Amino acid sequence: MSKTGNRLIRSLLAVTGSMVLAAGLTTTPTALGAVGDVGVPGPSYTGVTAPTGEKPESKLWFNDGRWWAVMFHPASGTWHIFYLNRSTSPKTWVDTGTVVDNRKNTGSDAVSTGGKLYVASHVKASSNTASVSGQPARLYRYTYNSTTDTYSLDSGLPTTINDVSSESLTIDRDSAGRVWATWTQQQRVYVNATTTTDQWGTPFVLPVDNATGIDPDDISTLVSFKGNIGVMWSSQSKSAVYFSTHNTPDAVGTWQPSAAITVPGGGQADDHLNIKELQSDPEGRIFAVIKTSLDNAGAAAPQIVVLTRSAASTGQWSRATFGTVGDCHTRPVLVLDMTNNLVRVFATAPDSGCPFHGSAG
């Protein structure tokens, strides 16, 4: 599986129903549908809005034979670390009592890597033009105790990533031990990076073409691959999804030119992005799933599209359609299942705003 204990599943908890694309990692994709809700319900999130609603973010990781998640604790109005107890019937999510963030209106992105758990927590904004200053995003770093099956916050944490609210914010860690974060603010793509001691530098606009003038609804995400960092973002104003890479040995502000990774034409972008790397792959391949804005292009138009970036040395992108407008899919997430050599895509369906019959979720 991709990056076991890290981004095995990004935002899988956001899926309330699912359709599954089961495609061989080296073969032509074949869509196989799964009908019905599958999974174990977590605690109530009454009092907060869509805690797993941001498409690039993940609250879920796998460690020491268990699934773990950042979930809302309704009694205290704070966010805690839970684990899935699979030995009970029915299976249940158990509160460990470890508090992540005591601010109610926040979203988070979790990464378990390098023997540490990193959680970035940000105050939510409705769009990148609705960002409010004085609302810092925070990085929490935890150490796992395998004897007590608990996480403890490291000394000196949390640290401050930025000082603004944002629609979404994601993190990952490069091979030098530097943690990166990306978000969108005032129609621009922002990034920041830590030193090796997890202290943050100064946020800056991604210094490449097409990273400014994006739509207020656009978001960004990032991924570590072959030790480097790649940032993906939507630009609905330019009808394209873009990707830029940073090579780990380079200065923090040195980035490769942005590349449009969607086909030319109107309506090719939306703010639905989910990206994964193929861990332990010497070629550094990347897989992503996006949504288009071709809602008025007819039932046969592609709506959910799977993207694949070839070896890091060539960086060529290929595409496959997961679902059409008529399928009424939304909020896709992608999982790399190396055990079974499959790319799995989950999406909520049918979308309530879809004019077509769609496929059952």
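Buried means under 20% relative accessible area, exposed means over 50%, and partly exposed is whatever sits in between, using a 1.4 Å probe and protein chains only. Everything here comes from a predicted model, where local features need pLDDT of at least 70, side-chain atom pairs count only at pLDDT 80 or more, and totals for chains, interfaces and linings use all residues. Residues are numbered from 1 along each chain as its sequence is written, and side-chain values use heavy atoms, with hydrogens and water left out.

**View 1. A salt bridge between two buried side chains, lysine 59 and glutamate 57.** The closest N and O atoms of this pair are 2.8 Å apart. Lysine 59 has a relative accessible area of 4%, and glutamate 57 comes in at 1%.

**View 2. Arginine 66 paired with aspartate 149.** Here the closest N and O atoms are 3.7 Å apart. Strands (E, at least two residues) and helices (H or I, at least four) are DSSP runs, numbered from the N terminus. Both partners are partly exposed: arginine 66 at 22% relative accessible area and aspartate 149 at 24%.

**View 3. Aspartate 337 meets arginine 344.** This salt bridge runs 3.0 Å from N to O. Aspartate 337 is buried, at 6% relative accessible area, whereas arginine 344 is partly exposed, at 24%. The structure holds 11 salt bridges.

**View 4. The disulfide of cysteine 328 and cysteine 354.** The sulfur atoms are 2.0 Å apart, and the rule asks for a pair of cysteine sulfur atoms within 2.5 Å. By that rule the count comes to 1 disulfide. Cysteine 328 lies in the loop between β23 (317-324) and β24 (330-337), and cysteine 354 in the segment after β25 (342-348), so the link ties together parts that are 26 residues apart in sequence.

**View 5. The largest cavity and its lining.** A search of the whole structure finds 1 cavity of 30 Å³ or more. A cavity is a set of points, on a 1 Å grid over the protein atoms alone, where a 1.4 Å probe fits but cannot get out, and lining residues have an atom within 4 Å of a point. The largest cavity holds about 30 Å³ of space, a volume being the space filled by probe spheres set on the points, which are joined across faces, edges and corners. Val70, Trp79, Thr106, Gly107, Ser108 and Ser121 line the cavity. Strand β7 (residues 106-113) supplies the largest share of that lining, 3 residues.

**View 6. The whole chain, for context.** The protein chain has 0 helices and 25 strands. Of its 361 residues, 57% count as buried. Among contacts (heavy atoms within 4.5 Å) between residues at least 6 apart in sequence, 54% join residues at least 24 apart.

Notes. Salt bridge = Lys/Arg side-chain N within 4 Å of Asp/Glu carboxyl O. 1 Å grid on protein atoms, 1.4 Å probe; cavity = no way out; pocket = protein on both sides within 12 Å on 5 of 7 lines; lining within 4 Å.
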